[in-house]
Amino acid sequence: VSDCQDDPESEDEVYEVVDLTEYARRHQWWSRVFGNNSGPIAEKYSVATQLMMGGVSGWCAGYLFQRVGKIAATAVGGGFLLLQIANHSGYVQVDWKKVEKDVNKAKKHLKKKANKAAPELNTFIEEATDFIKRNIVLSSGFVGGFFLGLAS
């Protein structure tokens, strides 16, 4: 007769159960970047570091915004130009009354949706304003960098 401790199959192994939602809530990516406390960034970094971080991230955002904006404007303008050329050449006949009716219907639908989304939007705006107030140096660096990115 063998002892229970000698038999490897009879040993009770202890497993730790990890709740992934709780783990993700406690270990978010910004916690690794900015630290665990959620206070203002001004308490963690010097003014020069905050300005540099805000300026670099703002410049990147402005540069991308400029490039994407140019591409979008070119696509919309080119599409409209092609539509007008096709219309004048007789390839396409546009029913402008129907277009106007559909646009008005879409406006009404968007107004209804905007009124329903207002509480969530107001909450987001309040949180963003609070973040900007707590981190004014970083925010001002971002705005300056954003305008530099648009200009380059």
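Author: A search of the whole structure turns up 1 salt bridge, meaning a side-chain nitrogen of Lys or Arg within 4 Å of a carboxyl oxygen of Asp or Glu. Its partners are Asp 130 and Arg 134, whose closest N and O atoms are 3.4 Å apart. This is a predicted model, where local features need pLDDT of at least 70 and side-chain atom pairs count only at pLDDT 80 or more, while totals for chains, interfaces and linings use all residues. Residues are numbered from 1 along each chain as its sequence is written, and side-chain values use heavy atoms, with hydrogens and water left out.

Both residues sit in helix α4 (residues 96-134), 4 residues apart, or about one turn of the helix. Helices here are DSSP runs of H or I with at least four residues, strands are E runs of at least two, and both are numbered from the N terminus. Asp 130 has 40% relative accessibility, so it counts as partly exposed; Arg 134, at 33%, is also partly exposed. That class lies between buried (under 20% relative accessible area) and exposed (over 50%), using a 1.4 Å probe and protein chains only.

Now for the surroundings. The protein chain has 5 helices and 0 strands, giving the pattern α-α-α-α-α along the sequence. Of its 152 residues, 11% are buried. The chain exposes about 12900 Å², with carbon and sulfur atoms supplying 64% of that area, as computed by the Shrake-Rupley method with a 1.4 Å probe.
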